[in-house]
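Visitor: Before we start, please put the model on the screen, and then I will ask about it piece by piece.

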Amino acid sequence: MSESITTNQQDQPKQLDLEYSGFEARTIQDRGLTILAFTLLGLAILPLVLVVSYVIIKGFSRFNLNLLTEIPPTAMQQGGGISSAIVGTILLVIIAGIISIPFGIGAAIYLAEFSPKIVAKWIRFATNVLSGVPSIIVGIFAYSVIVLTMDQFSAFAAGTALAILMLPIVIRTTDEALQLVPQEVRWASVGVGASNFQTVLKVVLPAALPAILTGTTLALARAAGETAPLIFTVLFSQYFPNGIFDESVPSLSVLIYNFATVPYQNQQELAWAASLILVLIVLIASVLSRFIARQQTY
Amino acid sequence: MKHQPDNNQNNHHSPSQSNQSALDEVLTTEQLCVYYGDQLALKNVNMEIPRNEITALIGPSGCGKSTLIRCFNRLNDLIDSFRLEGKVLYRNKNLYANKVDAVKVRRQIGMVFQKPNPFPKSIYDNIAYGAKINGYTDDLDELVETSLKQAALWEEVKDKLKENALSLSGGQKQRLCIARAVALKPEVILMDEPCSSLDPVSTEKVEDLIHHLKENYTVMIVTHNMQQASRVADFTAFFNAEEGDSGNRFGYLVEYDRTEAIFNNPQADATQKYISGRFG
């Protein structure tokens, strides 16, 4: 029986058709779906392109040295810059970083390395809930817990509010980075006589460091752009902040909020310029973090 | 087909019953049973591992060879559900006695893993790491050089000691891991399928290396590859797996003898079948 099949095929070789045809149903469907995917990709990127280009067009006219050296003007004043707001934002982000990064990384180390599974599951869940809490609620929380208790607005209160917003991002990225370090490397370290502490500190953390830095940088960038928590915790001013318990600390995000909603052209222009600076900070931070992550070890 | 080992009753194995005095044992197990949770993984292992010899553990998958080798440096401690009954004696001290510090055990009994797992550090630091955390204060440069020479890797890496170890090839990585184990100057080196992810050329190099290590160390090697066991080992232990009452598989020691005896004149039926390639 099998013989007859083979002879049949040899007797009448089928016409061999390997040529590409653009009109078959399969190729048309193929091309259509590819075009659709590209279109959707373009639509997804469009908001980013629009926002960035709009901010650049609007903010570029005031993008000069004065912007970086002069303090913000009052309502009727001409000229001026946003120098104190840049310094203020940096101050707040540093406070937030000092609070959230050690706590966040410590918590993530416990989660990934030492905690029992069931505990880790619930803490991870709690972290996700915390990252979903709207920033304005974190602002109210910091207001009632810190501002009301200390009876004053302060850079510290604002920094704490930002720290709470950063915390879940730092925990999650660090936790994920630590979990990506292969188990074999931990065995190797334990196998040469390292204690758990030495293993984590000298092998696992260094291996995860690029990814941790990426997450931390993104968390800092996110904190730099937050507005709502700052409205509740710190007063706006034109002047440079004076220590971490200063009541009034200008910041880029609040400056944008204040200046964009007034009828004075000078301040409106500065609001756009400040937006440009803020977008640049976030952009540079993201690029920087990607660059760091490029040297990934695993 | 399920096979009942003929010598299930006589479960005390010593490779040197004829000339007991000539060999002294570094490691001994007595009625060793291992459980993961409630599941029996390894049953009643009695073995004596002779000093400065190479002992191979062979057998089909799931027969507990890797589990057993990890008992010798307490690496199984890292597995939460792990439980051990019986004794593991190292120079007549029970490794699982209450007061024993697992970290100190691992400094005496080094380990090389199935998958080469260098640290994501420079080649130099990979070797120096173990020495540093163990408070080694002598010349680190010299230690790195001698360890790499012992692992037959020095010539290939001497000009790039500061490069990341992850840039090495698979075979080089594994020899680096061996150098890392050797740098601790352990008494015993355990190897869990050290060549399973290497190509034949690298495998040959590692096997040569294992032969040389015998001069200074006691080596135990788990292998899937029977040719490898017959090439490198002085003694070979054959493990088999069996299904227990509750349906889970557990491993047990079938036969343990000089490698020539295992391969040329196996006593147990299962060993005969396994080495002739009829199952496993």
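This is a predicted model: local features need pLDDT of at least 70, side-chain atom pairs count only at pLDDT 80 or more; totals for chains, interfaces and linings use all residues.

Visitor: Is Ser251(A) buried or exposed?
Guide: Ser251(A) belongs to the loop between helix H10 (228–233) and helix H11 (252–260) of chain A. A residue counts as buried if 20 or more other C-beta atoms lie within 10 Å of its own. Because Ser251(A) has 32 other C-beta atoms within 10 Å, the residue is buried.

Visitor: Which strands stand at the edges of the open sheet of chain B?
Guide: The sheet has 10 strands with mixed pairing, in the order E5-E4-E1-E2-E10-E9-E3-E8-E7-E6. Two of these strands have a single partner strand each, so one side of each is left without a neighbour in the sheet, and they are strand E5 (93–94) and E6 of chain B.

Visitor: Which residue stands opposite Leu42(B) in E10(B)?
Guide: Strand E2 (residues 39–50) and strand E10 (residues 249–258) of chain B pair in the parallel sense over two bridges. Across from Leu42(B), the residue in E10(B) is Gly251(B).

Visitor: How many residues of the side of chain B that touches chain A are nonpolar?
Guide: On that side, 20 residues of chain B are in contact with 18 residues of chain A. Helix H2 (102–108), strand E6 (109–112) and helix H3 (123–133) of chain B each supply at least two of the residues of chain B concerned. By kind, the residues of this side comprise four charged, five polar and, as the number asked for, 11 nonpolar.

Note on methods. Residues are numbered from 1 along each chain as its sequence is written. Chains are lettered from A and ligands numbered from 1 in the order in which they are written. Two residues are in contact if their C-beta atoms, placed from the backbone, lie within 7 Å. Helices (H or I, at least four residues) and strands (E, at least two) are DSSP runs, numbered from the N terminus. Ala, Val, Leu, Ile, Met, Phe, Trp, Tyr, Cys and Pro count as nonpolar, Asp, Glu, Lys and Arg as charged, and the others, Gly among them, as polar. A residue is buried if 20 or more other C-beta atoms lie within 10 Å of its own, exposed if 12 or fewer, and partly exposed in between; C-beta atoms are placed from the backbone. Two strands pair if DSSP finds at least two bridges between them.
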